[in-house]
Amino acid sequence: MSVVFLKCPEVVELVTEARDDELGSWMRLRYKAHLIHCRSCRRYVAQIDDVIAGAAELAIEPPASSDDCDAILAAVRRSRSVTPG
Amino acid sequence: MPPAGAPASVHLGLEVADESGDGASDELTHERALVARASAGDDAACRELVEQHHPAMRRFARAAVDSDDAASELVQETWLAAFESMARFEGRSRLRTWLFGILTNRLRKRLSRGGREQLCDFAAEVAREERAVDPDRFTAMGMWRKPPEPLVCRVSPEDAAARRQLREHLAAAIATLPQAQRMVLVLRDVEQCDAAEVSELLGVSQGNQRVLLHRARARLRTALEGQATKGGER
């Protein structure tokens, strides 16, 4: 690893630490400097952003179906009725 | 999120409701009231809790075990245990995190009966050498030979069909991730748990959960890139 300039294979390994704000200030500066001049790494980072945004969308689901709820609640009632006390 | 430099707590009681009266706090107040009613045996409250949290529990269970049947069984077991002990829920964490905690405990118990000590061999998975991008895609000088190809599709707010397509591709790609990566990715990026929660739920250090998350995201990107139609830059 060069003292100042990061190479592309190094930058792609820092993306998650950068997003979690876990890079030290010097490394963060080098990371940002690389992205300013490297279009391919900027594209890579944008694609990782797309993956993250897409994954978040997987949580947008309708609430549990009424059948699922019925099954769970019936099991809970059964279990309560056999639990002493 | 705590400000940079704040001591990082690993306790799941991080997200305590404050008294500021904002939306998140209202939500937590509502959640606590629901829990209180459900603990007292109110059927409507029990149903509302199941409706709200069942899909997330299914998604997490499916990430943690190998089949739909095993996931269903695990989720049902978790609900039974949750309703049994709901009166002891103190509201120190979000209810969903508490439910995930019960789920991982049930799973640990199950695995221990089969002689396994932990949910997954996270340390071995982390120790395995894995790069975010195939080294062959870089020149000897450390530059991309060719820029990353456009992804098969991306999140675009105005295009519902493209979003659905992206969700389908992602769900398929997530199913092929190694288990340790899959569990971390589903908790962090799908269920939006923070690093401390994931670390505590899975019993893995924050550093290791980040390594697994990093690899999982990189694999998903590669999968979406690989499926892209040829040509045409984004």
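**Helix packing and the interface**

Analyst: This is a predicted model. Helix α4(A) packs against α6(B) with the axes 9 Å apart, at an angle of about 90°. That makes α4(A) roughly perpendicular to α6(B).

User: Which residues of α4(A) and α6(B) meet there?
Analyst: From α4(A), the residues are A:D50, A:V51, A:G54, A:A55 and A:E57. They meet B:R163, B:L166, B:R167 and B:L170 of α6(B).

User: And how do the residues of that contact of α4(A) with α6(B) divide by class?
Analyst: There are 4 nonpolar residues, 1 polar and 4 charged.

User: Let's zoom out. How many residues does each of chain B and chain A bring to the contact?
Analyst: Chain B gives 50 residues and chain A gives 46.

User: What area is buried between chain B and chain A?
Analyst: About 4,400 Å² is buried between the two chains, and carbon and sulfur atoms give 59% of that area. In general, the accessible area lost when the parts come together is often used to give the size of an interface.

User: How many salt bridges are there between chain B and chain A?
Analyst: The count between these two chains is 8. Over all chains, the structure holds 28 salt bridges.

User: Which residue forms a salt bridge with B:R188?
Analyst: That is A:D20, with the closest N and O atoms 2.9 Å apart. A:D20 also meets B:R210 in a salt bridge, at 2.8 Å from N to O. A:D20 lies in the loop between α2 (15–19) and α3 of chain A, while B:R210 is in helix α9 of chain B, so this pair joins two chains.

User: What about polar contacts across the interface of chain B and chain A?
Analyst: Counting pairs with both residues at pLDDT 80 or more, there are 14 residue pairs in polar contact across that interface.

User: Which elements give two or more residues to the side of chain B that touches chain A?
Analyst: They are α2 (43–64), α3 (68–85), α6 (160–175), α7 (179–190) and α9 (206–226) of chain B. By class, the residues on that side of chain B divide into 27 nonpolar, 6 polar and 17 charged.

User: You listed α7 and α9. At what angle do the axes of α7(B) and α9(B) cross?
Analyst: They cross at roughly 90° and come within 8 Å. The helices α7(B) and α9(B) are therefore roughly perpendicular to each other. Among the residues that meet are B:V184, B:L185 and B:R188 in α7(B) and B:L212, B:L213 and B:A216 in α9(B). The contact of α7(B) with α9(B) has 7 nonpolar, 2 polar and 5 charged residues.

User: Back to chain A. How are α3 and α4 of chain A arranged?
Analyst: The axes of α3 (residues 25–37) and α4 (residues 39–57) of chain A come within 5 Å and cross at roughly 110°. An angle from 65 to 115 degrees counts as roughly perpendicular, and α3(A) and α4(A) are therefore roughly perpendicular to each other.

User: Who makes that contact between α3(A) and α4(A)?
Analyst: A:Y31, A:H34, A:L35, A:I36 and A:H37 of α3(A) make it with A:R39, A:C41, A:R42 and A:V45 of α4(A). By class, the contact has 5 nonpolar, 2 polar and 2 charged residues.

Definitions and conventions
Residues numbered from 1 in each chain as written. Chains lettered and ligands numbered in written order. Predicted model: local features only at pLDDT ≥ 70, side-chain atom pairs only at ≥ 80, totals over all residues. Heavy atoms only, no water. Axes fitted to C-alpha atoms, helices over the stretch in contact; angles between N-to-C directions. Helix = DSSP H or I, 4+ residues; strand = E, 2+ residues; numbered from the N terminus. Parallel < 35°, antiparallel > 145°, perpendicular 65-115°, else oblique. Contact = heavy atoms within 4.5 Å. Nonpolar A, V, L, I, M, F, W, Y, C, P; charged D, E, K, R; others polar. Buried area = accessible area lost by both parts, 1.4 Å probe. Salt bridge = Lys/Arg side-chain N within 4 Å of Asp/Glu carboxyl O. Polar contact = N/O pair within 3.5 Å; in protein donor to acceptor, adjacent residues only side chain to side chain.
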